[in-house]
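Trainee: Could we go through this model together, one question at a time?
Mentor: Gladly, let's have a look.

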Amino acid sequence: MKSIKYVLPGNPIAWTRAVPNYGKHRMYDSQKNVRLIIGIEIQKQHGTAPNFEGAIALEAYYYFTPPQRCNPDKLPEWHLTKPDTSNLTKLYEDILSCDLGIIKNDSMICKEYCEKRYSLEPKTIIILTEL
């Protein structure tokens, strides 16, 4: 069973909807540069591994910087505020499928698990496993 783990440093980023650019009659994607940077990092970690073909399980672990008022010795375990896990996961699914082609289509993801937590070391961990 093939499995690949991607570790992306920094606070997790949620997907945002593209908005119409009325003057030019097209859509404006404010996350174009963010997607490019994340995509380069994922591609670097993916290397020459083959792309995924069949059913996939996706695990996503989002570690956020704790609020400044928190004592580092007593961090809250769970991140209870926005963004929600569906918007966080959607960005990475789109990058893996539309931008990089590591998975043919995000509909191939048949099993999904997500966690949002606080950490002194903010990062996103994505694990893809063929089922």
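Trainee: With the side chain of which residue does the side chain of Glu115 make a polar contact at 2.7 Å?
Mentor: First, a word on the basis: this is a predicted model, where local features need pLDDT of at least 70, side-chain atom pairs count only at pLDDT 80 or more, and totals for chains, interfaces and linings use all residues. Residues are numbered from 1 along each chain as its sequence is written, and side-chain values use heavy atoms, with hydrogens and water left out. A polar contact is a pair of N or O atoms within 3.5 Å; within protein, one must be able to donate a hydrogen and the other to accept it, and residues adjacent in sequence count only if both atoms are side-chain atoms. The Glu115 side chain has such a contact with the side chain of Tyr113 at 2.5 Å, and the partner at 2.7 Å is Arg117.

Trainee: Is Glu115 buried or exposed?
Mentor: Buried means under 20% relative accessible area, exposed over 50% and partly exposed in between (1.4 Å probe, protein chains only). Glu115 has 12% relative accessibility, so it counts as buried.

Trainee: Which residues is Glu115 in contact with, leaving aside neighbours within four places in sequence?
Mentor: Glu115 belongs to strand S5, residues 109-118; strands (E, at least two residues) and helices (H or I, at least four) are DSSP runs numbered from the N terminus. Contact means heavy atoms within 4.5 Å. By that rule, the residues are Ala60, Tyr61, Tyr62 and Trp78.

Trainee: How are helices H1 and H2 oriented, and at what angle do they pack?
Mentor: Axes are lines fitted to C-alpha atoms, for helices over the stretch in contact, and angles run from 0 to 180 degrees between N-to-C directions. H1 (residues 32-46) and H2 (residues 85-99) have axes 10 Å apart. Angles of 65 to 115 degrees count as roughly perpendicular, under 35 as roughly parallel, over 145 as roughly antiparallel and the rest as oblique. H1 is therefore roughly perpendicular to H2, at an angle of about 70°.

Trainee: How far apart in space are Asn87 and Ala14, C-alpha to C-alpha?
Mentor: Asn87 lies in helix H2 and is partly exposed, with a relative accessible area of 28%. Not counting residues up to four places away in sequence, Asn87 touches Ala14 and Trp15. Asn87 and Ala14 are 73 residues apart in sequence, and their C-alpha distance is 5.2 Å.
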